[in-house]
Amino acid sequence: MQKTYFANFLLAIVLLLSANMFGKDKEQHSDEPQKDLKTEIKEYIQHHLLDSHDFSLFSYTKENGEHVYVGLPLPVILWDDGLKVFSSSKFHHGEELAEADGNYYKLYHGKIYKTDAKGTIDYDAEEHPTNIKPLDFSITKNVAMIFITGLLMFWLFTSLARSYAKNGGIPKGAGRFFEPIVLYIRDDIARPNIGEKNYRKYMPFLLTVFFFIWFLNIFGLTPLGINVTGNIAITCGLALLTFLITNFTGTKDYWKHLFDPLGDTMPWYAKIPLYIILVPIELLGLIIKPFSLLIRLYANMQAGHIVLMSLIGLMFLFKSWLGSPLSFALAFAISLIEILVALLQAYIFTMLSALYFGFASEEHDHHEHEDEPELAHL
Amino acid sequence: MEKLLNEFSLGLFVWLTLLFILLLLLLRKYAWKPILDAVNDREEGIKNALAAAEEAKKEMQNVTADSEKLLQEARNERETMLKEAREIKDKMIADSKEQAKIEGDKMIKQAQATIESEKKAAVADIKNQVAELSVEIAEKVIKEQLSNKDKQLKMVDDMLGDIKLN
């Protein structure tokens, strides 16, 4: 029953979107000068790393110089004196102006700017556009991917939960694969870092964040190559959640340790000069912890994508019997490493989040934990 | 840094935060809680089952020890019973031997006494018969002898002379 519903749902999506996928999105590029392959690859990589307003699958150039993009348009949602919703196919990949309620919008380097009817963009001295940027809440490629991953995770893990109920606590099918991972997160990440007493309340976040990052990392390695976890806004959001959870669940001891790191080991007048330096460092550490999380994930995934795509690009640059197979082999090896990195980064993010939660929820009996801040700055 | 800030998209950030929190809440309710509960229950069950098995094993050992003890006791009891029986038997044999000996002795003594008295009676009887015979013989002799006067007188003299000698 479940499976037929799901299959129907997939079929409906495919049918709905197929009309858009074919035949549309053809543009003339004849007026642009022919770029050399190197710049094109570089631009392609840069474009790929960024979020985009349509779900492009691939593109090719016809013999007459016509670029054909194959993909799905996604809805654009703008807040500019009221909600403006239209399809991203209106932009025609940045070549045309989109008109909504008498306002004109232009897609310029992946960002939407408000322009006049002719689509002029004004630049400042540093070549940055000075046009107004409306608040952009579009369902971009990344948002769509988050949505798909979320649905997948929800379907996967609720069916796992149901299979437990059905089989009397014994996992079946995919559960056999995912249960050890869930148990690993519980027994080797949450329990040792947070402690037997408090780990339960952090488990949902740790599990969700681990599978979310892992799945998105893996999706980033598929030929669709959607670079979600290599986007600074995504890692920032995840790290911010870790930060908020850490501080909202912080115990009295955690805050006391933050503002009174030396405790009762010294008289108060001796502590004052030290605290002028120590307390700002502690407060800085508070920010640095999530910041390191967000930069680490972002940089690792971004770098992986750049390296992998550059190696693939090299195949087209070499065009020789030696160079191309060599760069193919290298790209293959790197993608294997990337599969490992995908898991590793998800693990590290979860592990460090658990570590920070552990510091926050710990209740000291004595203040003998002066070495902890150093550990926390990992 | 400027590139990073330029790449940062507020819309994406907001969407991620919303979708992630939604996903977190949904999964917490419909997936993680049932999964973790099921796993906990299972582990609890395994732990209990192991404890019960251990308990049963201990009980089994106790039972075995008990039966061993009982067996040992029974064996000891049998041993003592046998020993007692043997003692009783030995004693009985000894007693009856004693009894028999005493009885036998008694009977032998009685027999001896009887034999003695019988012998005395027999001897007395023989003495009587001998006396009677002697008297008869004497009578006959005397009668014969007394058939003439001289001989009678002589005999009386002899006899008187014998009596005196006696």
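## Interface between the chains

In the predicted model, 36 residues of chain A are in contact with 29 residues of chain B. On the chain A side, the elements that each contribute two or more residues are β9 (135-136), α3 (141-166), α4 (174-194), α5 (199-221) and α6 (232-248). The greatest contribution comes from α3(A), with 13 residues. Sorted by class, this side of chain A comprises 25 nonpolar, nine polar and two charged residues.

From chain B, Y30(B) takes part in contacts with chain A. Y30(B) lies in helix α2 (residues 10-145) of chain B. Apart from neighbours within four places in sequence, its contacts are T158(A) and A161(A). Y30(B) has 15 C-beta neighbours inside 10 Å and therefore counts as partly exposed, since the partly exposed class lies between the limits of 12 or fewer for exposed and 20 or more for buried.

The UniProt record, an unreviewed entry, annotates residues 36-91 of chain B as a "coiled-coil region". In the model this span is 100% helix and 0% strand, and its end C-alpha atoms are 80 Å apart.

## Helices α3 and α4 of chain A

The axes of α3(A) and α4(A) lie 10 Å apart, and the two helices pack at an angle of about 100°. They are therefore roughly perpendicular to each other, because angles of 65 to 115 degrees fall in that class. The contact brings L156(A), L160(A) and S163(A) of α3(A) against A174(A), G175(A) and F178(A) of α4(A). By class it holds four nonpolar, two polar and no charged residues.

Helix α4(A) has 21 residues and spans 28 Å from its first C-alpha to its last, close to the 30 Å expected at 1.5 Å a residue. Its buried residues are G175(A), V182(A), I185(A), I189(A), A190(A), N193(A) and I194(A). G195(A) follows the helix and has a positive phi, near 110°.

## Annotated transmembrane regions of chain A

An unreviewed UniProt entry places the feature "transmembrane region" at several spans of chain A, including residues 143-161, 202-221, 268-291 and 328-349. For residues 268-291 of chain A, the model shows 100% helix and 0% strand, with the end C-alpha atoms 32 Å apart. Residues 328-349 of chain A are likewise 100% helix and 0% strand, with 31 Å between the end C-alpha atoms.

Helix α8 (residues 268-318) and helix α9 (residues 323-361) of chain A pack at an angle of about 170°, with their axes 9 Å apart. This makes α8(A) roughly antiparallel to α9(A), because the angle is over 145 degrees. Their contact has 19 nonpolar, seven polar and three charged residues.

K106(A) belongs to strand β7 (residues 103-108) of chain A. K106(A) is buried because 22 other C-beta atoms lie within 10 Å, where the criterion is 20 or more.

Leaving aside neighbours within four places in sequence, the contacts of K106(A) are L97(A), Y113(A), T115(A), G119(A) and I121(A). The C-alpha atoms of K106(A) and E96(A) are separated by 7.1 Å, with the two residues ten apart along the chain.

Notes:
Residues numbered from 1 in each chain as written. Chains lettered and ligands numbered in written order. Predicted model: local features only at pLDDT ≥ 70, side-chain atom pairs only at ≥ 80, totals over all residues. UniProt positions renumbered as here; feature names shortened; annotations may be inferred. Helix = DSSP H or I, 4+ residues; strand = E, 2+ residues; numbered from the N terminus. Contact = placed C-beta atoms within 7 Å. Nonpolar A, V, L, I, M, F, W, Y, C, P; charged D, E, K, R; others polar. Axes fitted to C-alpha atoms, helices over the stretch in contact; angles between N-to-C directions. Parallel < 35°, antiparallel > 145°, perpendicular 65-115°, else oblique. Expected span 1.5 Å × (residues − 1).
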